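Welcome! Please take a moment to look over the sequence and the 3D view, and then read through the briefing that follows.

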Amino acid sequence: MKQRNPWAWVPTLYFAEGLPYVAVMTISVVMYSRLGMSNTDVALYTSWLYLPWVIKPFWSPFVDIIKTKRWWILAMQLLLGAALGGVAFTIPGEWWLQGSLFFFWLMAFSSATHDIAADGFYMLGLDSHQQSFFVGIRSTFYRLATILGQGLLVSLAGVFEVMTRKVQYSWSLLFYLMAAIFIALWLYHQWALPRPAEDKGVEHITPRQLCLELWDTVKTFFKKEQVIVGLLFMLLYRAPEGLLVKITPLFLIGSKESGGLALSLQELGLVQGTLGVIGLTLGGILGGICVSRGGLKKWLWPMVCAITLPDAVYIYLSYAQSSNLIVVSSCIFIEQFGYGFGFTAYMLYLIYYSRGEHKTSHYALCTAFMALSMMLPGMIAGWLQESVGYRAFFIIAMVSCLVTFVVASLVKIDPAFGRKGEK
């Protein structure tokens, strides 16, 4: 293996993993809204973009057996740069919707494939001690990419709009900038990524063996104890967030007449893209500390309350329509902090459910259901909001929190799971 200090590539690799996901899932929502699309269409089209992460487990074995993880990383980063450039190129044109959606789909599939390769390469390029040490580093840089995307880049789009007074041209400039960032990452990783000896394709496996292995993985996944309850938990625990995630940025930048808060893109970048992500990160850190000390079972109900009850801030904001940025920022921070804290229980349950034979493949299937849990409610969220208005929509989202409480009451968890010193 060619030696390379992990600090030279782990932070940038996970920064590169986070940025396209934010572009597909968040920046696209704001952009399409600014380009004049209805909330119904924005939520529907962008929710469909979850699909590559839903079906990702079914092509991940091919990433393992064809070429090397390093090859896949570099190929996907080049493709991501091209897809970002494609979005930038098509936005000012006559077929901007069809063209940009095509390139967002390409970006989504490339990003999901990049995730597979990057996570596999992380385990090959580092020994067990380094893997443990850098797990926090990789999460930090993934969050930094989120802050850059939802915060700085969205704010920058607002600056471009003010400077050019042309919405389409402004977003085109932004995506050209993102394309340049990704091409720079691709060039850098050509040099920075090591070449682990274990990073090689599998030559002796046949397509029939691969299909049998996939079938065995799926079959054993659905034979696990409490499978129905487990699937309901995976699909419904985040039901309120699935409704909210596509609508909240549209609410924050929506006009006062439509029931929104009329924030500028610069204010949105600060409130949701920066302070909100910081709250999300701090909540997740606290959640991990709490579970390590008391176990998942002990902290499940506090986390259920944390991921649901703070959603009430949107009911308040929709009625108050406050123009005070401190008030709005505080509400978003509280909601995102609670979500980060409560989401810890969800992620740990996926690990808990995946235990046993095929745990890596089973965890990948769990993450597919995780993506599906956001995709399905997101697809109807825009239609629902435009049918009833922001105020009634947020009340409906709050009522849907009952579903979270119901599925949480059904799961059975080993009291020792998650506690320090336990597996």
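Helices (H or I, at least four residues) and strands (E, at least two) are DSSP runs, numbered from the N terminus. This is a predicted model, in which local features need pLDDT of at least 70 and side-chain atom pairs count only at pLDDT 80 or more, while totals for chains, interfaces and linings use all residues. Residues are numbered from 1 along each chain as its sequence is written, and side-chain values use heavy atoms, with hydrogens and water left out.

- Ile228, Leu232, Val406 and Leu410 make a nonpolar surface patch of about 340 Å². Patch residues have over 30% relative accessible area and no salt bridge; nonpolar side chains (Val, Leu, Ile, Met, Phe, Trp, Tyr) are joined within 5 Å, and like charges within 9 Å.
- Helix H10 (227–236) and helix H17 (401–410) each supply at least two residues of this patch.
- Val406, which lies in helix H17, is partly exposed, with a relative accessible area of 46%. Buried means under 20%, exposed over 50%, and partly exposed in between (1.4 Å probe, protein chains only).

**Nonpolar cores**

- The largest nonpolar core has 92 residues, and those with the most contacts inside it are Ile27, Tyr32, Phe104, Met107, Trp171 and Phe175. Such a core is a set of buried Ala, Val, Leu, Ile, Met, Phe, Trp, Tyr and Cys residues joined through side-chain atoms within 4.5 Å.
- Helix H1 (residues 10–34) gives the largest share of this core, 15 residues.
- Apart from it lies another core, of 35 residues, among them Cys290, Leu348, Leu365 and Val407.

**Salt bridges**

- How many salt bridges does a search of the whole structure find? There are 2, each being a side-chain nitrogen of Lys or Arg within 4 Å of a carboxyl oxygen of Asp or Glu.
- Glu161 and Arg34 pair through their side chains (2.5 Å, N to O).
- Glu161 is buried at 11% relative accessible area, whereas Arg34 is partly exposed at 35%.
- Arg138 and Asp119 form a salt bridge as well (3.7 Å, N to O).

**Around Ser329**

- Ser329 is found in helix H15 (residues 325–354) and counts as buried, at 10% relative accessibility.
- Not counting residues up to four places away in sequence, Ser329 touches Val271 and Leu275; contact means heavy atoms within 4.5 Å.

Technical notes:
Areas by Shrake-Rupley, 256 points an atom, 1.4 Å probe, with all protein chains shown as cover.
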